[in-house]
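Thanks for asking me to look this one over.

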Amino acid sequence: MTARRAPAVVSLAALAACTVGPNYRRPDIPVPPAFSELGAGAPASQADLSRWWLQFHDPVLQSLIERALANNLDLEAAASRIRQARFEERVAKAEQWPTVNAIGNALTLNSDRSSGGAPAQGLEIPGHLNLYAAGFDATWEIDLFGGVRRQIEEAKANGEVAVWARRDSQVTLTAEVAADYLTLREVQTRLEIGEAELARQKDIGGIIASRHQAGFVTNLDVNQQTGATTAAAAQLHQLEAEERTQIHAIAVLLGEAPETLEPTLARGAAQAAPPPELPPGLPSELLQRRPDIREAERKLAAANAEIGVQTANLYPKLNLIGLASFAAPTLGNLFSSQSFSSAGVGMVTAPLFTAGKTRARINQAKEQAAQAGIAYRSAILGALRDTEDALARYRSEEARRVQLAQAVSAAENSLTIAKDQYSVGLVTFLNVYTAENTLLSARDQLAQSNAEAAEDLVSLYKALGGGWTT
């Protein structure tokens, strides 16, 4: 390399290493040191949240979630978006390299010399001409100011957005399957309570009918019992419809036809009990564990890279164009050295006047980055709120469950006393009727509270970002 060329090469290399636009740095968003709903001194949990549903120790629930993760249609679409984003990244990387095209053509020219036309200005035009040509052309835009490198950076960030979006879909899916399953078991438990209560009321109705025939009670007792029996039977129809709709919802989440899970999810299984230990951990862990936060952060990185892409349009562009071809009148001489020709062109273009369009696009990209930054901070605040709300609901429901269990025990004792007193004629049937309704209501509320506590815990697992693996 000559002394004159060395500075030019060094200058070109220095320009090629230049990347305009702001370098990305993830914002430092402060978060509280602990969740306030846990109370002071609560230990940080080390629970594995990737498969949190195992904490319920329900093999049916585990099987449903695993099948949903394997077959859910929304996850299939999310996986397709990941592949699409990776192809877009490959397209962006290809912009770093030359584009080469092969060229080939054949020309045959025949002219009618009998027309008597004179040659133009003494130029002899042959009556017959064959021309064959083959070669290639290449174009290459040198990435002097890093516009292509910013495009690659943006495409890579968008690919990571798609990955985290799919993981967020996994979190949502596992929570939806679990919530629907727990609701189903609640409904089935309430159905069993209702059916048992209906059978009990029919038995009592038989006793009352016998006492009425003997003249010990009036039609009022008979009518009251008939009304209670009819109302219990009517409630069962509503619960049966809800049971079927929950089964249908779970099947669709698994990517199957609505009716396929009816044999699998038939009644008989016990209502799932929530795990005794809460898994919240520390608020700072949410920044790494919640997929929607990671997705928002990657969108911010992509928006930041777009500023560099648009900023590069302010600067000159260097394009190198190369041509090489063989041309001959016969195919036999096409690839001889005498038929070869080549050309090279270096072209520099610089924007002089764009009526403010380039600056406007830069400012537009900056505003989009600012919006992405706001969305990132909003995602963090939303995650903190989701967790605090889930903790508050769960702790409140746990206290309610204790009281409802005590209410059921008291109502059972009251019903026993009322039946004993009624059998010896100390009280009217109204006392028994009231005690029955009180017990039925208490059992129904307890079943709903059990499911509500379990669903609140599912909401907590979702708020913490559990349910995905790499």
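1. **What we're looking at.** This is a predicted model, so to speak of local features a pLDDT of at least 70 is needed, side-chain atom pairs count only at pLDDT 80 or more, and totals for chains, interfaces and linings use all residues. Residues are numbered from 1 along each chain as its sequence is written, and side-chain values use heavy atoms, with hydrogens and water left out.

2. **Overall layout.** Reading from the N terminus, the order is α-α-α-β-β-α-α-α-α-β-β-α-α. Of the 470 residues, 38% count as buried, where buried is under 20% relative accessible area, exposed is over 50% and partly exposed is in between, using a 1.4 Å probe and protein chains only. Take the contacts between residues at least 6 apart in sequence: 84% of them join residues at least 24 apart. A contact here is heavy atoms within 4.5 Å.

3. **The α7/α8 pair.** Helix α7 (residues 291-311) packs on helix α8 (residues 357-423) at an angle of about 170 degrees, and their axes are 8 Å apart. That makes α7 roughly antiparallel to α8. On the terms: axes are lines fitted to C-alpha atoms, for helices over the stretch in contact, and angles run from 0 to 180 degrees between N-to-C directions. Under 35 degrees counts as roughly parallel, over 145 as roughly antiparallel, 65 to 115 as roughly perpendicular, and the rest as oblique. The residues of the α7 contact with α8 split into 14 nonpolar, six polar and six charged. Nonpolar covers Ala, Val, Leu, Ile, Met, Phe, Trp, Tyr, Cys and Pro; charged covers Asp, Glu, Lys and Arg; the others, Gly among them, are polar.

4. **Asparagine 304.** Setting aside neighbours within four places in sequence, asparagine 304 is in contact with Pro22, Asn23, Tyr24 and Ala369.

5. **Glutamine 62.** This one is in helix α2 and is partly exposed, with a relative accessible area of 30%. Not counting residues up to four places away in sequence, glutamine 62 touches Arg51, Trp53 and Leu54. Glutamine 62 and tryptophan 52 are ten residues apart in sequence, with their C-alpha atoms 9.7 Å apart.

6. **Two backbone angles to check.** Most residues other than glycine have a negative phi. Histidine 57 has a positive phi of about 55 degrees; it is in the loop between α1 (5-16) and α2 (59-71) and is exposed at 70% relative accessibility. Alanine 355 has a positive phi of about 60 degrees. Alanine 355 is in the loop between β4 (340-349) and α8, and is exposed at 63%.

7. **The largest pocket.** It holds about 320 Å³ of space. Of its 23 lining residues, the closest to the centre are Glu95, Glu141, Asp143, Val148 and Lys317. β2 gives the largest share of the lining, four residues. By class the lining has twelve nonpolar, seven polar and four charged residues. The search uses a 1 Å grid over the protein atoms alone: a pocket is an open set of points with protein on both sides within 12 Å along at least five of seven lines, a cavity is a set where a 1.4 Å probe fits but cannot get out, and lining residues have an atom within 4 Å of a point. Points are joined across faces, edges and corners, and a volume is the space filled by probe spheres set on them.

8. **The second largest pocket.** Its volume is about 220 Å³. Ala175, Asp386, Ser459, Lys462 and Ala463 are the closest to its centre among 17 lining residues. The largest share, six residues, comes from α9. The lining divides into seven nonpolar, two polar and eight charged residues.

9. **The cavity.** There is one cavity of 30 Å³ or more. Its lining is made of Arg190, Ile193, Gly194, Gln235, Leu239, Leu440 and Asp444, and α4 gives the most, with three residues.

Methods: Helices (H or I, at least four residues) and strands (E, at least two) are DSSP runs, numbered from the N terminus.
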